[in-house]
Amino acid sequence: MASNLAVAVLNGIVWGLIMALIALGLNLIFGLLHIINMAHGALYMLGAVFSWYVIELTGNYWLALIVAPLGVGLVGLALERGLLRTIEDQPLVTIICTFGIMLVLQQLVLTYFGGTARRIALPIPGRFRLFDLQYPVMRIVIAAISAAVMGGLWIFLNRTRYGLWMRAVVQDREMAVALGIPVDQVYMWTFILGSVLAAFSGVLAAPIVSVDFMMGREILIMAFIIVIVGGMGNLWGSVVTAVMISLIHGVGSIFVVPSTATVFSLGFMILVLLVRPQGLFGE
């Protein structure tokens with residue numbers, strides 16, 4: 001029992017940190033652009049698919065960890081410049097538009113990548129002893145990389161001029177324009193950053209889940225739950241909530257099947273919203 005509980009807790013933390021990166025990207029885009037990005041799960045999926053192609057060509061997972069998010073960042077650039085820029089002040093239209101983008105990306109991947117789920121081998125195959133069980137070293141590495149990326153994001157937002165611009169635009173767009181901040185560029189780079197975070201999460205998750213064209217669907221739902229429970233626009237609330245919900249799901253899976261354990265996560269969301277409709281860390 002102790003072994004299973006320890007594995008469930010570790011799995012919950014690892015998956016929670018991956019989900020936190022996805023939710024951070026989603027929350028970043030919503031907080032600044034006020035766009036509910038229904039294509040965010042598809043960008044996560046696209047990161048995993050791109051990484052599969054890079055690994056097939058080079059055999060190097062670590063190269064894929066750099067190249068795939070950059071590729072998806074270019075896709076994000078094209079989406080923001082080509083579609084979303086013209087409708088950014090129309091919330092309902094952006095929801096429909098990003099939903100359409102999600103369907104298009106899924107169908108493109110289905111056409112060229114195929115409908116068969118693919119597996120990516122663990123780049124670090126070692127395991128270590130955890131009570132009576134063996135635990136993959138790669139999962140600890142994934143957690144460490146996720147935490148490092150979040151630390152880098154915190155430094156970017158709080159210690160760089162561009163991060164200052166982003167926070168200024170969130171607080172008062174008109175004042176930011178009056179101060180000469182290039183708001184259009186801030187919007188563009190924010191959408192690209194959100195896309196890169198989604199893709200980076202996809203590459204990190206690829207060695208521990210199956211890569212297929214529908215892998216972003218459930219992730220998107222869970223990411224929205226995390227953002228809502230953590231508080232819309234509150235980035236670090238998303239991080240804490242992602243780990244909490246993943247731990248609830250992971251520990252719950254010891255006692256019931258994983259699909260049923262999802263009910264616990266949904267029950268937690270309902271309970272939080274009944275007590276604090278603005279979310280755990282919302283204002």
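Before looking at helix pairs I noted that axes are lines fitted to C-alpha atoms, for helices over the stretch in contact, and that angles run from 0 to 180 degrees between N-to-C directions. I also noted that helices (H or I, at least four residues) and strands (E, at least two) are DSSP runs, numbered from the N terminus.

I kept in mind that this is a predicted model, in which local features need pLDDT of at least 70 and side-chain atom pairs count only at pLDDT 80 or more, while totals for chains, interfaces and linings use all residues. Residues are numbered from 1 along each chain as its sequence is written, and side-chain values use heavy atoms, with hydrogens and water left out.

**Entry 1: α9 and α10**

I looked up how helix α9 (residues 215-230) packs on helix α10 (residues 235-255), and found an angle of about 120° with the axes 8 Å apart. That makes α9 oblique to α10, on a scale where angles under 35 degrees count as roughly parallel, over 145 as roughly antiparallel, 65 to 115 as roughly perpendicular and the rest as oblique. I recorded the crossing of α9 past α10 as right-handed; a crossing is left-handed if the near helix is turned anticlockwise from the far one by less than a right angle, and right-handed if clockwise.

For the residues that meet, I used contact in the sense of heavy atoms within 4.5 Å. On the α9 side I listed M222, I225, I226, V227, V229 and G230, and on the α10 side G237, S238, T241, A242 and I245. The residues of this contact of α9 with α10 divide into 7 nonpolar, 4 polar and no charged, where Ala, Val, Leu, Ile, Met, Phe, Trp, Tyr, Cys and Pro count as nonpolar, Asp, Glu, Lys and Arg as charged, and the others, Gly among them, as polar.

I then followed S238, which lies in helix α10. S238 is buried, with a relative accessible area of 0% (buried means under 20% relative accessible area, exposed over 50%, and partly exposed in between, with a 1.4 Å probe and protein chains only). Not counting residues up to four places away in sequence, S238 touches A23, N27, I226, V227 and G230.

**Entry 2: α1 and α10**

I turned next to α1 and α10, whose axes come within 7 Å and cross at roughly 145°. Their crossing is right-handed, and the residues of the contact of α1 with α10 divide into 19 nonpolar, 7 polar and no charged.

**Entry 3: α2 and α4**

Which way does α2 run relative to α4, and at what angle do they pack? I found an angle of about 25° with the axes 10 Å apart, and α2 and α4 are therefore roughly parallel to each other. α2 passes α4 in a left-handed crossing. A42, L43, M45, L46, V49 and Y53 in α2 meet M102, L105, Q106, V109 and Y112 in α4, and by class this contact of α2 with α4 has 10 nonpolar, 1 polar and no charged residues.

Y187 lies in helix α8 (residues 183-205) and is buried, with a relative accessible area of 5%. Leaving aside neighbours within four places in sequence, I found Y187 in contact with L32, L33, E80, R85, E88, V169 and R173. A polar contact of 3.4 Å joins the side chains of Y187 and R173; such a contact is a pair of N or O atoms within 3.5 Å, and within protein one must be able to donate a hydrogen and the other to accept it, while residues adjacent in sequence count only if both atoms are side-chain atoms.

V196 is also found in helix α8, and V196 is partly exposed, with a relative accessible area of 21%. Not counting residues up to four places away in sequence, V196 touches P69 and G73.

**Entry 4: positive phi**

I noted H34, which has a positive phi of about 60° although it is not a glycine, in the loop between α1 (2-33) and α2 (40-58). I noted F131 too, with phi near 55°, a positive value in a residue other than glycine, in the loop between β1 (127-130) and β2 (133-136).
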